[in-house]
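My notes go in below, after the structure itself.

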Amino acid sequence: MFELNLEINHFLDTYWQKKPTVIKQGFTDFIDPILPDEIAGLAMEEEVESRLVYRDEKQQWQAECGPFESFEKLENDGATLLIQAVDNWHEEAQQLIRPFRFIPNWRIDDLMISYSTPKGGVGPHIDNYDVFIIQGLGKRHWRVGDNTQLSEFAAHGALKHCEAFEAIIDVELEPGDILYIPVGFPHEGYAVEPSMNYSVGFRAPDQNDLLSSFADHQIDSNENAERYTDRVMQQREKAGRVEEQELQELHRVMLANCATPKQLIPWIGKMLSDAKHDLDLAPPEPAHSKEEIIDELNNGAQFMRLGGLRALYFEQDSESIFINGEQYNVSNCSELGQLLCDQDEVAGELLNFLNDDEGGLALFTALVNKGYWYAL
Ligand code: SIN
Ligand code: CO
(Lines give C-alpha, C1' and ligand atoms only; values in the text may rest on other atoms or scores of the structure.)
(Ligands and ions follow the chains in the order given, each with its own letter.)
Protein backbone atom coordinates (compact mmCIF):
# COMPACT_ATOMS: atom_id res chain seq x y z
CA MET A 1 0.00 0.00 0.00
CA PHE A 2 1.37 3.42 -0.96
CA GLU A 3 0.41 6.30 1.34
CA LEU A 4 0.68 9.68 -0.34
CA ASN A 5 1.89 12.55 1.87
CA LEU A 6 0.00 15.40 0.26
CA GLU A 7 -2.45 18.09 1.33
CA ILE A 8 -4.83 17.20 -1.51
CA ASN A 9 -7.11 20.24 -1.48
CA HIS A 10 -4.17 22.60 -1.34
CA PHE A 11 -2.50 20.72 -4.18
CA LEU A 12 -5.65 20.83 -6.34
CA ASP A 13 -6.24 24.55 -5.69
CA THR A 14 -2.65 25.63 -6.21
CA TYR A 15 -1.02 23.26 -8.67
CA TRP A 16 -3.35 20.86 -10.51
CA GLN A 17 -3.30 21.90 -14.18
CA LYS A 18 -1.72 25.22 -13.13
CA LYS A 19 1.94 24.84 -12.28
CA PRO A 20 4.56 22.18 -11.68
CA THR A 21 5.74 21.30 -8.20
CA VAL A 22 7.95 18.86 -6.33
CA ILE A 23 6.33 16.76 -3.61
CA LYS A 24 9.42 15.95 -1.56
CA GLN A 25 9.04 12.51 0.01
CA GLY A 26 5.48 12.15 -1.32
CA PHE A 27 6.01 8.50 -0.43
CA THR A 28 8.20 7.87 2.60
CA ASP A 29 10.32 4.71 2.66
CA PHE A 30 9.40 4.08 -0.96
CA ILE A 31 9.97 0.54 -2.16
CA ASP A 32 9.85 -0.15 -5.91
CA PRO A 33 6.85 -2.39 -6.67
CA ILE A 34 8.63 -3.85 -9.71
CA LEU A 35 12.26 -4.78 -10.49
CA PRO A 36 14.29 -3.60 -13.49
CA ASP A 37 14.42 -7.24 -14.64
CA GLU A 38 10.64 -7.43 -14.66
CA ILE A 39 10.56 -4.24 -16.73
CA ALA A 40 12.87 -5.90 -19.23
CA GLY A 41 10.63 -8.99 -19.19
CA LEU A 42 7.58 -6.88 -20.05
CA ALA A 43 9.52 -5.21 -22.88
CA MET A 44 9.91 -8.64 -24.49
CA GLU A 45 6.13 -9.16 -24.71
CA GLU A 46 4.31 -8.58 -27.98
CA GLU A 47 1.22 -7.03 -26.33
CA VAL A 48 3.18 -4.57 -24.21
CA GLU A 49 4.11 -1.18 -25.66
CA SER A 50 7.77 -0.43 -25.02
CA ARG A 51 10.46 1.94 -26.28
CA LEU A 52 14.21 2.22 -25.92
CA VAL A 53 15.74 5.69 -26.19
CA TYR A 54 19.47 6.40 -26.32
CA ARG A 55 22.10 8.49 -28.05
CA ASP A 56 24.44 6.85 -30.53
CA GLU A 57 28.25 7.38 -30.81
CA LYS A 58 27.61 10.63 -32.69
CA GLN A 59 25.29 11.77 -29.89
CA GLN A 60 22.30 11.50 -32.24
CA TRP A 61 19.02 10.58 -30.53
CA GLN A 62 17.71 7.12 -31.37
CA ALA A 63 14.43 5.47 -30.44
CA GLU A 64 13.41 1.86 -31.02
CA CYS A 65 10.04 0.25 -30.37
CA GLY A 66 9.65 -3.15 -28.69
CA PRO A 67 9.19 -6.02 -28.31
CA PHE A 68 12.89 -6.49 -27.60
CA GLU A 69 14.90 -9.70 -27.56
CA SER A 70 17.98 -8.32 -25.82
CA PHE A 71 19.06 -5.20 -24.00
CA GLU A 72 22.74 -4.51 -24.84
CA LYS A 73 22.04 -0.78 -24.99
CA LEU A 74 21.16 -0.84 -21.30
CA GLU A 75 24.68 -2.00 -20.51
CA ASN A 76 25.88 1.48 -21.47
CA ASP A 77 25.24 4.89 -19.97
CA GLY A 78 22.66 7.18 -21.55
CA ALA A 79 19.87 4.68 -22.25
CA THR A 80 16.22 4.55 -21.12
CA LEU A 81 13.71 1.75 -21.49
CA LEU A 82 10.08 2.87 -21.24
CA ILE A 83 7.03 0.64 -20.77
CA GLN A 84 3.52 1.94 -21.28
CA ALA A 85 0.43 0.83 -19.31
CA VAL A 86 2.25 -1.29 -16.76
CA ASP A 87 -0.93 -1.07 -14.65
CA ASN A 88 -2.48 -3.50 -17.18
CA TRP A 89 0.21 -6.10 -16.57
CA HIS A 90 1.62 -5.89 -13.08
CA GLU A 91 -0.60 -6.04 -10.01
CA GLU A 92 1.89 -4.55 -7.53
CA ALA A 93 2.91 -1.72 -9.84
CA GLN A 94 -0.76 -1.00 -10.48
CA GLN A 95 -1.11 -0.12 -6.78
CA LEU A 96 0.84 3.06 -7.50
CA ILE A 97 -2.19 4.51 -9.25
CA ARG A 98 -4.41 4.23 -6.19
CA PRO A 99 -3.00 7.17 -4.20
CA PHE A 100 -3.93 9.41 -7.14
CA ARG A 101 -7.57 8.38 -7.28
CA PHE A 102 -8.49 11.75 -5.80
CA ILE A 103 -8.58 12.59 -9.50
CA PRO A 104 -11.45 10.54 -11.00
CA ASN A 105 -10.70 7.29 -12.80
CA TRP A 106 -11.86 8.50 -16.17
CA ARG A 107 -9.04 11.06 -16.28
CA ILE A 108 -6.33 8.46 -15.71
CA ASP A 109 -4.36 7.45 -18.76
CA ASP A 110 -1.85 4.88 -17.57
CA LEU A 111 1.19 4.05 -15.48
CA MET A 112 4.35 4.35 -17.55
CA ILE A 113 7.60 3.05 -16.08
CA SER A 114 11.10 3.87 -17.20
CA TYR A 115 14.44 2.37 -16.31
CA SER A 116 17.44 4.54 -17.12
CA THR A 117 21.16 4.00 -16.95
CA PRO A 118 23.27 6.99 -15.77
CA LYS A 119 22.71 10.04 -18.05
CA GLY A 120 19.70 8.27 -19.59
CA GLY A 121 16.62 10.32 -20.47
CA VAL A 122 14.29 11.01 -23.36
CA GLY A 123 15.41 14.61 -23.91
CA PRO A 124 13.58 17.95 -23.59
CA HIS A 125 9.90 17.58 -24.49
CA ILE A 126 6.33 18.68 -23.82
CA ASP A 127 3.57 16.19 -22.98
CA ASN A 128 -0.14 16.29 -23.77
CA TYR A 129 -0.96 15.01 -20.34
CA ASP A 130 -0.60 15.89 -16.67
CA VAL A 131 1.84 13.62 -14.98
CA PHE A 132 3.08 12.68 -11.54
CA ILE A 133 6.62 11.33 -11.93
CA ILE A 134 7.59 9.24 -8.93
CA GLN A 135 11.24 8.51 -8.30
CA GLY A 136 11.94 4.92 -7.40
CA LEU A 137 15.37 3.32 -7.40
CA GLY A 138 18.28 5.75 -7.88
CA LYS A 139 18.35 9.48 -8.49
CA ARG A 140 17.39 11.57 -11.46
CA HIS A 141 18.02 15.21 -12.25
CA TRP A 142 14.91 16.98 -13.56
CA ARG A 143 14.44 20.40 -15.11
CA VAL A 144 10.99 21.85 -15.79
CA GLY A 145 10.37 25.08 -17.72
CA ASP A 146 7.43 27.48 -17.89
CA ASN A 147 4.63 26.82 -20.37
CA THR A 148 5.72 29.42 -22.90
CA GLN A 149 5.57 28.82 -26.66
CA LEU A 150 8.50 26.61 -27.60
CA SER A 151 9.21 25.16 -30.99
CA GLU A 152 9.02 21.39 -31.25
CA PHE A 153 10.76 19.12 -33.71
CA ALA A 154 11.42 15.43 -34.35
CA ALA A 155 14.80 14.55 -32.83
CA HIS A 156 14.13 11.11 -34.33
CA GLY A 157 11.10 9.63 -36.16
CA ALA A 158 9.68 8.42 -32.83
CA LEU A 159 10.94 11.19 -30.55
CA LYS A 160 9.54 14.72 -30.40
CA HIS A 161 11.70 17.30 -28.66
CA CYS A 162 11.36 20.97 -27.85
CA GLU A 163 13.94 23.74 -27.96
CA ALA A 164 16.08 24.50 -24.89
CA PHE A 165 14.21 26.19 -22.03
CA GLU A 166 15.02 27.97 -18.78
CA ALA A 167 14.22 25.94 -15.69
CA ILE A 168 11.67 27.07 -13.12
CA ILE A 169 12.27 23.77 -11.30
CA ASP A 170 15.73 22.22 -11.16
CA VAL A 171 15.86 19.29 -8.79
CA GLU A 172 17.44 15.94 -8.10
CA LEU A 173 14.72 13.46 -7.21
CA GLU A 174 15.39 10.78 -4.63
CA PRO A 175 13.36 7.62 -3.99
CA GLY A 176 9.83 8.58 -2.88
CA ASP A 177 9.97 12.14 -4.30
CA ILE A 178 7.28 13.12 -6.79
CA LEU A 179 7.42 15.71 -9.55
CA TYR A 180 4.05 16.96 -10.78
CA ILE A 181 4.08 18.44 -14.30
CA PRO A 182 0.89 19.85 -15.85
CA VAL A 183 0.10 19.56 -19.57
CA GLY A 184 2.27 21.82 -21.69
CA PHE A 185 5.25 22.45 -19.35
CA PRO A 186 8.56 21.45 -20.99
CA HIS A 187 10.76 19.08 -19.01
CA GLU A 188 13.77 16.80 -19.20
CA GLY A 189 15.20 14.31 -16.75
CA TYR A 190 18.54 12.50 -16.78
CA ALA A 191 19.49 9.68 -14.45
CA VAL A 192 22.30 10.39 -12.02
CA GLU A 193 22.54 6.70 -11.19
CA PRO A 194 20.54 3.69 -12.48
CA SER A 195 17.04 4.94 -12.01
CA MET A 196 13.40 3.87 -12.06
CA ASN A 197 10.64 6.43 -12.70
CA TYR A 198 6.91 5.84 -12.45
CA SER A 199 4.71 8.24 -14.42
CA VAL A 200 1.03 8.33 -13.53
CA GLY A 201 -0.45 10.16 -16.50
CA PHE A 202 -3.79 11.94 -16.94
CA ARG A 203 -4.92 12.67 -20.44
CA ALA A 204 -7.94 14.72 -21.41
CA PRO A 205 -9.45 14.47 -24.90
CA ASP A 206 -9.11 17.54 -27.10
CA GLN A 207 -11.74 18.91 -29.49
CA ASN A 208 -10.44 16.87 -32.40
CA ASP A 209 -10.43 13.64 -30.37
CA LEU A 210 -14.02 14.30 -29.32
CA LEU A 211 -15.34 15.25 -32.72
CA SER A 212 -13.68 12.43 -34.61
CA SER A 213 -14.79 9.83 -32.06
CA PHE A 214 -18.35 11.21 -32.08
CA ALA A 215 -18.40 11.15 -35.89
CA ASP A 216 -17.33 7.47 -35.88
CA HIS A 217 -20.01 6.62 -33.33
CA GLN A 218 -22.65 8.51 -35.30
CA ILE A 219 -21.76 6.74 -38.55
CA ASP A 220 -21.86 3.31 -36.84
CA SER A 221 -25.07 3.81 -34.90
CA ASN A 222 -27.27 6.04 -37.04
CA GLU A 223 -28.32 4.30 -40.24
CA ASN A 224 -31.27 6.60 -40.84
CA ALA A 225 -29.39 9.83 -40.50
CA GLU A 226 -31.53 12.93 -40.80
CA ARG A 227 -30.85 14.81 -44.02
CA TYR A 228 -31.00 18.52 -44.64
CA THR A 229 -34.23 19.53 -46.35
CA ASP A 230 -35.34 22.91 -47.60
CA ARG A 231 -37.93 24.39 -45.26
CA VAL A 232 -39.13 26.90 -47.84
CA MET A 233 -37.61 27.47 -51.20
CA GLN A 234 -38.21 30.78 -52.89
CA GLN A 235 -36.95 32.06 -56.14
CA ARG A 236 -33.47 33.51 -55.58
CA GLU A 237 -31.80 36.51 -57.06
CA LYS A 238 -28.37 35.64 -55.69
CA ALA A 239 -27.68 32.13 -56.86
CA GLY A 240 -24.25 32.06 -55.25
CA ARG A 241 -25.44 32.86 -51.71
CA VAL A 242 -26.21 30.46 -48.84
CA GLU A 243 -28.96 32.14 -46.80
CA GLU A 244 -28.61 32.60 -43.07
CA GLN A 245 -31.55 30.32 -42.23
CA GLU A 246 -30.06 27.63 -44.48
CA LEU A 247 -26.83 27.75 -42.56
CA GLN A 248 -28.83 27.60 -39.35
CA GLU A 249 -30.70 24.54 -40.56
CA LEU A 250 -27.46 22.80 -41.60
CA HIS A 251 -26.11 23.53 -38.14
CA ARG A 252 -29.27 22.16 -36.51
CA VAL A 253 -29.17 18.92 -38.55
CA MET A 254 -25.51 18.49 -37.79
CA LEU A 255 -25.97 18.87 -34.02
CA ALA A 256 -29.40 17.22 -33.66
CA ASN A 257 -27.93 14.17 -31.91
CA CYS A 258 -25.52 16.03 -29.70
CA ALA A 259 -27.45 19.10 -28.69
CA THR A 260 -27.53 18.26 -24.96
CA PRO A 261 -24.81 16.72 -22.75
CA LYS A 262 -27.19 13.89 -21.85
CA GLN A 263 -27.52 12.84 -25.49
CA LEU A 264 -23.77 12.29 -25.52
CA ILE A 265 -23.79 9.73 -22.71
CA PRO A 266 -24.05 6.51 -24.78
CA TRP A 267 -21.13 7.57 -26.96
CA ILE A 268 -18.98 9.32 -24.36
CA GLY A 269 -19.41 6.43 -21.90
CA LYS A 270 -18.16 3.98 -24.50
CA MET A 271 -15.33 6.22 -25.58
CA LEU A 272 -14.05 7.02 -22.09
CA SER A 273 -14.29 3.41 -20.91
CA ASP A 274 -12.56 1.96 -23.94
CA ALA A 275 -9.17 0.50 -22.95
CA LYS A 276 -6.35 2.45 -24.57
CA HIS A 277 -3.91 -0.49 -24.32
CA ASP A 278 -4.26 -4.27 -24.44
CA LEU A 279 -5.70 -5.79 -21.27
CA ASP A 280 -4.34 -8.92 -19.60
CA LEU A 281 -7.68 -10.69 -20.00
CA ALA A 282 -7.96 -14.26 -18.72
CA PRO A 283 -11.64 -15.31 -18.47
CA PRO A 284 -11.99 -18.12 -15.91
CA GLU A 285 -12.27 -21.69 -17.20
CA PRO A 286 -14.71 -23.17 -16.48
CA ALA A 287 -16.99 -20.18 -16.10
CA HIS A 288 -18.23 -19.36 -12.59
CA SER A 289 -21.86 -20.01 -11.75
CA LYS A 290 -23.86 -17.47 -9.75
CA GLU A 291 -23.88 -19.85 -6.78
CA GLU A 292 -20.09 -20.20 -6.88
CA ILE A 293 -19.67 -16.43 -6.75
CA ILE A 294 -21.94 -16.19 -3.70
CA ASP A 295 -20.01 -19.06 -2.05
CA GLU A 296 -16.67 -17.39 -2.73
CA LEU A 297 -17.84 -14.12 -1.23
CA ASN A 298 -19.27 -15.93 1.79
CA ASN A 299 -15.83 -17.54 2.21
CA GLY A 300 -14.18 -14.11 2.34
CA ALA A 301 -12.98 -13.77 -1.29
CA GLN A 302 -12.07 -10.34 -2.62
CA PHE A 303 -12.70 -9.53 -6.25
CA MET A 304 -10.21 -7.19 -7.94
CA ARG A 305 -11.01 -5.12 -10.98
CA LEU A 306 -8.61 -6.04 -13.78
CA GLY A 307 -5.67 -3.60 -14.05
CA GLY A 308 -6.30 -0.92 -16.67
CA LEU A 309 -10.00 -1.83 -17.02
CA ARG A 310 -12.10 1.31 -17.28
CA ALA A 311 -15.46 1.34 -15.53
CA LEU A 312 -17.58 4.46 -15.11
CA TYR A 313 -21.06 5.90 -14.79
CA PHE A 314 -22.62 9.30 -15.13
CA GLU A 315 -24.22 11.36 -12.39
CA GLN A 316 -27.07 12.08 -14.81
CA ASP A 317 -27.84 8.46 -15.69
CA SER A 318 -28.50 5.81 -13.07
CA GLU A 319 -29.60 3.23 -15.66
CA SER A 320 -26.21 2.45 -17.19
CA ILE A 321 -22.61 1.77 -16.41
CA PHE A 322 -19.87 1.60 -19.02
CA ILE A 323 -17.09 -0.96 -18.90
CA ASN A 324 -14.37 -1.45 -21.46
CA GLY A 325 -16.26 0.33 -24.23
CA GLU A 326 -19.62 -1.35 -23.58
CA GLN A 327 -22.84 -0.09 -22.02
CA TYR A 328 -24.52 -2.24 -19.34
CA ASN A 329 -28.07 -1.70 -18.18
CA VAL A 330 -28.16 -1.45 -14.39
CA SER A 331 -31.67 -0.05 -13.97
CA ASN A 332 -32.42 -2.78 -11.39
CA CYS A 333 -28.98 -2.79 -9.75
CA SER A 334 -27.58 0.72 -10.03
CA GLU A 335 -25.97 0.76 -6.56
CA LEU A 336 -24.05 -2.39 -7.35
CA GLY A 337 -23.01 -1.08 -10.76
CA GLN A 338 -21.76 2.17 -9.26
CA LEU A 339 -19.89 0.37 -6.47
CA LEU A 340 -18.05 -1.69 -9.07
CA CYS A 341 -16.99 1.49 -10.87
CA ASP A 342 -15.96 3.32 -7.69
CA GLN A 343 -13.93 0.58 -5.96
CA ASP A 344 -10.77 -1.13 -7.18
CA GLU A 345 -11.79 -4.23 -5.27
CA VAL A 346 -14.98 -5.52 -3.70
CA ALA A 347 -15.61 -8.20 -1.12
CA GLY A 348 -18.31 -9.19 1.39
CA GLU A 349 -20.17 -5.87 1.03
CA LEU A 350 -21.19 -7.12 -2.39
CA LEU A 351 -23.40 -9.74 -0.76
CA ASN A 352 -25.77 -6.98 0.39
CA PHE A 353 -26.48 -6.32 -3.25
CA LEU A 354 -26.28 -9.81 -4.68
CA ASN A 355 -28.26 -11.92 -2.23
CA ASP A 356 -31.61 -10.41 -3.01
CA ASP A 357 -30.95 -9.05 -6.45
CA GLU A 358 -31.03 -11.48 -9.37
CA GLY A 359 -30.19 -8.76 -11.93
CA GLY A 360 -27.12 -7.69 -9.99
CA LEU A 361 -25.91 -11.24 -9.49
CA ALA A 362 -26.32 -11.99 -13.19
CA LEU A 363 -24.40 -8.84 -14.08
CA PHE A 364 -21.54 -9.49 -11.67
CA THR A 365 -21.29 -13.14 -12.73
CA ALA A 366 -21.08 -12.06 -16.38
CA LEU A 367 -18.34 -9.54 -15.56
CA VAL A 368 -16.32 -12.15 -13.66
CA ASN A 369 -16.70 -14.58 -16.55
CA LYS A 370 -15.36 -11.98 -18.96
CA GLY A 371 -12.23 -11.74 -16.79
CA TYR A 372 -13.05 -8.14 -15.78
CA TRP A 373 -13.11 -8.95 -12.03
CA TYR A 374 -11.14 -11.81 -10.54
CA ALA A 375 -11.04 -13.43 -7.12
CA LEU A 376 -7.86 -12.91 -5.11
C1 SIN B 1 10.91 9.07 -18.36
O2 SIN B 1 10.53 8.51 -17.33
O3 SIN B 1 12.04 8.92 -18.82
C4 SIN B 1 10.03 10.00 -19.11
C5 SIN B 1 9.00 10.62 -18.30
C6 SIN B 1 8.53 11.90 -18.94
O7 SIN B 1 9.29 12.80 -19.16
O8 SIN B 1 7.34 12.06 -19.24
CO1 CO C 1 7.39 13.80 -20.22
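**Ground rules.** I am working from a predicted model, where local features need pLDDT of at least 70, side-chain atom pairs count only at pLDDT 80 or more, and totals for chains, interfaces and linings use all residues. Residues are numbered from 1 along each chain as its sequence is written, chains are lettered from A and ligands numbered from 1 in the order in which they are written, and side-chain values use heavy atoms, with hydrogens and water left out.

I started with the largest pocket and got about 1,100 Å³ of space. A pocket here is an open set of points on a 1 Å grid over the protein atoms alone, where a 1.4 Å probe fits, with protein on both sides within 12 Å along at least five of seven lines; lining residues have an atom within 4 Å of a point. The volume is the space filled by probe spheres set on the points, with grid points joined across faces, edges and corners.

I counted 46 lining residues, with Gln 84, Asp 109, Asp 127, Tyr 129 and Arg 203 nearest the centre. Strand β5 (residues 108-116) supplies the largest share of that lining, 5 residues. Helices (H or I, at least four residues) and strands (E, at least two) are DSSP runs, numbered from the N terminus. By class I have 18 nonpolar, 14 polar and 14 charged residues. Nonpolar covers Ala, Val, Leu, Ile, Met, Phe, Trp, Tyr, Cys and Pro, charged covers Asp, Glu, Lys and Arg, and the others, Gly among them, are polar.

The second largest pocket comes to about 400 Å³. Its lining is 18 residues, and Phe 214, Gln 218, Met 254, Asn 257 and Cys 258 lie nearest the centre. Two or more lining residues each come from α4 (207-221), α5 (244-255) and α6 (265-273), and α4 gives the most, with 6. The classes are 14 nonpolar, 3 polar and 1 charged.

**Metal site.** Which protein atoms hold the cobalt ion (ligand 2)? I found His 125 (NE2), Asp 127 (OD) and His 187 (NE2), at 2.0 to 2.1 Å. Donors are N, O and S atoms within 2.8 Å of the metal (3.2 Å for Na, K and Ca); water is not among the atoms, so sites may look incomplete. Their spacing along the chain reads H-x1-D-x59-H. His 125 sits in the loop between β5 and β6 (130-135) and His 187 in strand β12 (residues 187-191), so the pair ties together parts 62 residues apart in sequence. His 125 is buried at 11% relative accessible area, and His 187 is buried at 2%. Buried means under 20%, exposed over 50%, partly exposed in between (1.4 Å probe, protein chains only).

**Salt bridges.** I count 16, each a side-chain nitrogen of Lys or Arg within 4 Å of a carboxyl oxygen of Asp or Glu. Asp 344 meets Arg 101 at 3.0 Å, N to O, and those two are 243 residues apart. Asp 344 is buried at 10%, while Arg 101 is partly exposed at 27%. Arg 143 pairs with Glu 188 at 2.7 Å, N to O. Arg 143 is in strand β7 (residues 140-145) and Glu 188 in strand β12, so this bridge ties together parts 45 residues apart in sequence.

**Strand residue.** Ser 199 is in strand β13 (residues 195-202) and is buried at 10%. Beyond neighbours within four places in sequence, its contacts (heavy atoms within 4.5 Å) include Asp 110, Val 131 and Phe 132.
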